[in-house]
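Here is a short report on one protein chain.

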Amino acid sequence: MLRRWLDRIYLAAGALGAAFIALICILMVAQSIMREAGLRTGAINDVVAWFCAAAAFFAMAHAFKHGDFVRVTLLLEKLPPRRCRQLEAVALAIGAVAVGYLTWAACSYTYESWEFNDIAQGLLPLPLWIPQLSFAIGSVLLWVAVVDELVIVLRGGVPTFVRAVQERHAMGDFSSDI
């Protein structure tokens, strides 16, 4: 049950990241049309920048779980399965600590923006904690995904991202290897 719940969260976060990409497209097209019509485009550039960050951070956990992060597997491919699992566990533990620090920093930064009522200095005077929430939430989701993979490996399982790549290769899809 927990597995299904986590997988749904990762999928929803990926869908939210995709939605922000679609919104970026819509805003950029609207901005082009507005400029041609002689209308002011105002704070669209600020909003697009915030949406770019939201798209990136919301999609990270989904991309990680589906094997879409860059991995150097030259050494891992040459090792026996037990040694490979040990190195995966070490790498995931280091990743969990690093992403944990990122998560702490992102959440602290967002909280401070809320606490001090920081306001964006662009054309749209928006409290900064609002766009920074995507950074904090996306970082938390990525940390959960890394810890999730670490638990899978420590229990003797194959990482989800490795299985995803193996499934793509079995179907003849090597596009992620380019």
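## Terms and basis

Contact means heavy atoms within 4.5 Å. Helices (H or I, at least four residues) and strands (E, at least two) are DSSP runs, numbered from the N terminus. Buried means under 20% relative accessible area, exposed means over 50%, and partly exposed lies in between (1.4 Å probe, protein chains only).

The model is predicted: local features need pLDDT of at least 70, side-chain atom pairs count only at pLDDT 80 or more, and totals for chains, interfaces and linings use all residues. Residues are numbered from 1 along each chain as its sequence is written, and side-chain values use heavy atoms, with hydrogens and water left out.

## Overall fold

The chain has six helices and zero strands. Along the sequence the pattern reads α-α-α-α-α-α. Its C-alpha atoms fill a box of roughly 65 × 40 × 30 Å, taken along the principal axes.

Of the 178 residues in the chain, 33% are buried. Among contacts with a separation of 6 or more, 71% join residues 24 or more positions apart.

## Helix H6

Helix H6 covers residues 160-170. Its buried residues are Thr160, Phe161, Val162, Ala164, Val165 and Arg168. What do the buried residues of H6 pack against? They pack against H2, H4 and H5. Just after H6, glycine 172 takes a positive phi of about 85°.

## Salt bridges

Side chains of opposite charge can pair when their charged atoms come close. A salt bridge here is a side-chain nitrogen of Lys or Arg within 4 Å of a carboxyl oxygen of Asp or Glu. By this rule the count is four. Arg3, Asp7, Lys65, Asp148 and Glu149 are linked in a network of such bridges.

Start with arginine 3. Its side chain meets that of aspartate 7 at 3.2 Å, N to O. Both residues lie in helix H1 (residues 2-36), four residues apart, about one turn of the helix. Arginine 3 is partly exposed, because its relative accessibility is 33%. Aspartate 7 also counts as partly exposed, at 35%.

## Around aspartate 148

Is aspartate 148 buried or exposed? Aspartate 148 has a relative accessible area of 9%, so it is buried. Leaving aside neighbours within four places in sequence, aspartate 148 is in contact with Arg3, Leu6, Tyr10 and Lys65.

Lysine 65 has a salt bridge to glutamate 149, with the closest N and O atoms 2.3 Å apart. This pair, too, links distant parts of the chain: lysine 65 is in helix H2 (residues 44-65), glutamate 149 is in helix H5, and they lie 84 residues apart. Both lysine 65 and glutamate 149 are buried.

## The second largest pocket

Rolling a probe the size of a water molecule over the atoms shows where empty space is left. The search uses a 1 Å grid over the protein atoms alone. A cavity is a set of points where a 1.4 Å probe fits but cannot get out; a pocket is an open set with protein on both sides within 12 Å along at least five of seven lines. Lining residues have an atom within 4 Å of a point. Grid points are joined across faces, edges and corners, and a volume is the space filled by probe spheres set on the points.

The second largest pocket holds about 270 Å³ of space. It is lined by 17 residues, of which Phe64, Arg71, Ala91, Leu92 and Phe161 lie nearest its centre. Helix H3 (74-78), helix H4 (81-115) and helix H5 (129-154) are the elements that give two or more residues to this lining. H4 gives the most, with six residues. The lining divides into 13 nonpolar, two polar and two charged residues. Nonpolar covers Ala, Val, Leu, Ile, Met, Phe, Trp, Tyr, Cys and Pro; charged covers Asp, Glu, Lys and Arg; the others, Gly among them, are polar.

## Cysteines

A disulfide is a pair of cysteine sulfur atoms within 2.5 Å. By this rule the count is zero. Cysteine 52 is in no disulfide: the nearest cysteine sulfur, that of cysteine 25, is 12 Å away. Cysteine 52 is partly exposed, with a relative accessible area of 41%. Cysteine 107 also counts as partly exposed, at 31%.
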